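I set out to record what I looked up in this structure. The entries follow in the order in which I made them.

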Amino acid sequence: MAITAQLVIEAFEKRFNATPDVFRAPGRVNLIGEHTDYNLGFVCPIAIDFACYTASAPNRDGVLRVFSLNLDEGREWPIDRLASLVPAKDWTDYVIGVIRQIPMARGRDILIYSTVPVGSGLSSSAALEVSTALAAGWDLEHAPRLDLVKLCRRAENEFVGVPCGIMDQYISVFGQDGSAVKIDCRSLDHEAVALPAGLAIVAVNSLVKHELSQGAYRDRVAECGRAAATLGVESLRDASLDALSRITDPIILQRARHVVTEDLRVEQFVAACRSGDVGAMGRLFVESHRSLQHDYEVSCEELDFLVDHAIRIEGVHGARMTGGGFGGCTVNLLQASAVDLFESSIRDAYQLRYGIDPAFYRVKATAGASKLS
Ligand code: GLA
């Protein structure tokens, strides 16, 4: 068994004096299709080998006890009060937001340990939500997996209060070993897209998170709603490039243009991936970034710097910001043989410019949520 799972079991046994079941739910890197999910368009993420682990066992005390190993901090609540809890505005909201939707006949002890870096756009919250649902007794083998995805998204929308789309929870559940997953955020179908051999994917953490991220996310959701209303469509998924000329507000036009062109880029990226055309995949990465930078305006100086520098390095096919934006990570597609040089070049340049050592994550596409023991 993986070292992390072993560590989680030992920590659980020590704290709660019982033998737990252990679950894992991964974070993600979105390869392309940014800010398209809540417009019911296409996304193409991978689940990554950074994950949230939960260990869980029933207790006889009628309470839910939750302990975060990362924070070295625990809470407990009587189970008959779970349904009436209000958000505490901290990490427990992700846990309670999920658990209050899952009927619990007995008390339960849960220990949580995550290797997904928090606040870096790699979906640490979805990993926490999904692994919490499993720890709370969600039956991954028999209950429909899509219901689990929806339940976790609901926790985030309604209890945490973030109006996110469905991508992060979806990929955490449906991730595939060795493949990206193209998700249709309207039909909620997906298809696996095998990644070409010899391709490395490295996420670079800018280690900045600008304050406006949450408010700006809401603004973008609202602006896309206005664009769809202007065009008389249910969502921007149904808008064509030609139709956009009917939008007179220049900002709304920019937002809509990003979403419509980004959906097209996802289709092109999937085709390029299937034919092993890494050059085209890289070009689409850069086009996506420019669109997020100039039309959607969710990038920031540090992310632009990381992208601009990366694409000048030998062996790099393309780079772009990934996730919600305003900080967090870039995702870089490169030749496997170029990774060491890439990292040292980026580290030197970023350090010189911002005085910060960026973090590097060499990621692999992994399977979605599972029970480990
Ligand atoms: C965040 C949200 C996702 C998605 C991305 C942007 O990660 O949680 O639903 O909207 O931003 O693509």
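**Entry 1. Helix α5.** I began with the packing of α5: its buried residues pack against β1, β2 (42-59), α3 (124-135), α4 (145-160), β6 (179-184) and β7 (190-194). Contact here means heavy atoms within 4.5 Å. Helices (H or I, at least four residues) and strands (E, at least two) are DSSP runs, numbered from the N terminus. I found α5 mostly covered, with 8 of its 8 residues buried. I listed these as Met-167, Asp-168, Gln-169, Tyr-170, Ile-171, Ser-172, Val-173 and Phe-174. Buried means under 20% relative accessible area, exposed over 50%, and partly exposed in between (1.4 Å probe, protein chains only).

**Basis of the values.** I note that this is a predicted model, in which local features need pLDDT of at least 70 and side-chain atom pairs count only at pLDDT 80 or more, while totals for chains, interfaces and linings use all residues. Residues are numbered from 1 along each chain as its sequence is written, and side-chain values use heavy atoms, with hydrogens and water left out.

**Entry 2. Salt bridges.** I counted a salt bridge where a side-chain nitrogen of Lys or Arg lies within 4 Å of a carboxyl oxygen of Asp or Glu. By this rule I recorded 24 salt bridges. One of them joins the side chains of Arg-28 and Asp-168, at 2.9 Å from N to O. Arg-28 lies in strand β1 (residues 21-32) and Asp-168 in helix α5 (residues 167-174), so this pair ties together parts that are 140 residues apart in sequence. Both Arg-28 and Asp-168 are buried.

I next examined Glu-297, which forms a salt bridge with Arg-255, the closest N and O atoms being 2.9 Å apart. This pair links distant parts of the chain: Glu-297 is in the loop between α8 (278-295) and α9, and Arg-255 is in helix α7 (residues 250-274), 42 residues away. Glu-297 counts as partly exposed because its relative accessibility is 35%, whereas Arg-255, at 5%, counts as buried.

I also noted a salt bridge between Asp-61 and Arg-65, with the closest N and O atoms 2.7 Å apart. Asp-61 has 46% relative accessibility and therefore counts as partly exposed. Finally, I found Glu-34, Glu-262, Arg-265 and Arg-320 linked in a network of salt bridges.

**Entry 3. The ligand.** Which residues are around the ligand? I listed Arg-28, Glu-34, His-35, Asp-37, Tyr-38, Cys-164, Gly-165, Met-167, Asp-168, Tyr-217, Gly-323 and Gly-324, taking a residue as near if one of its heavy atoms lies within 4 Å of the molecule. I then looked up distances from polar side-chain atoms to an oxygen atom of the ligand: 3.0 Å for Arg-28, 2.6 Å for Glu-34 and 2.5 Å for Tyr-217.

**Entry 4. A sheet.** I traced an open sheet of 4 strands in the order β9-β10-β8-β11, with antiparallel pairing. Its edge strands are β9 (316-321) and β11 (359-363), each pairing on one side only. Two strands pair if DSSP finds at least two bridges between them. Strand β8 (residues 199-209) and strand β10 (residues 327-335) pair in the antiparallel sense over 8 bridges, and Leu-199 stands opposite Gln-335 in β10. Helix α9 (residues 301-310) packs on the sheet, touching β8, β9 and β10, and its direction makes about 10° with that of β10. For such angles, axes are lines fitted to C-alpha atoms, for helices over the stretch in contact, and the angles run from 0 to 180 degrees between N-to-C directions.

Key:
A polar contact is a pair of N or O atoms within 3.5 Å; within protein, one must be able to donate a hydrogen and the other to accept it, and residues adjacent in sequence count only if both atoms are side-chain atoms.
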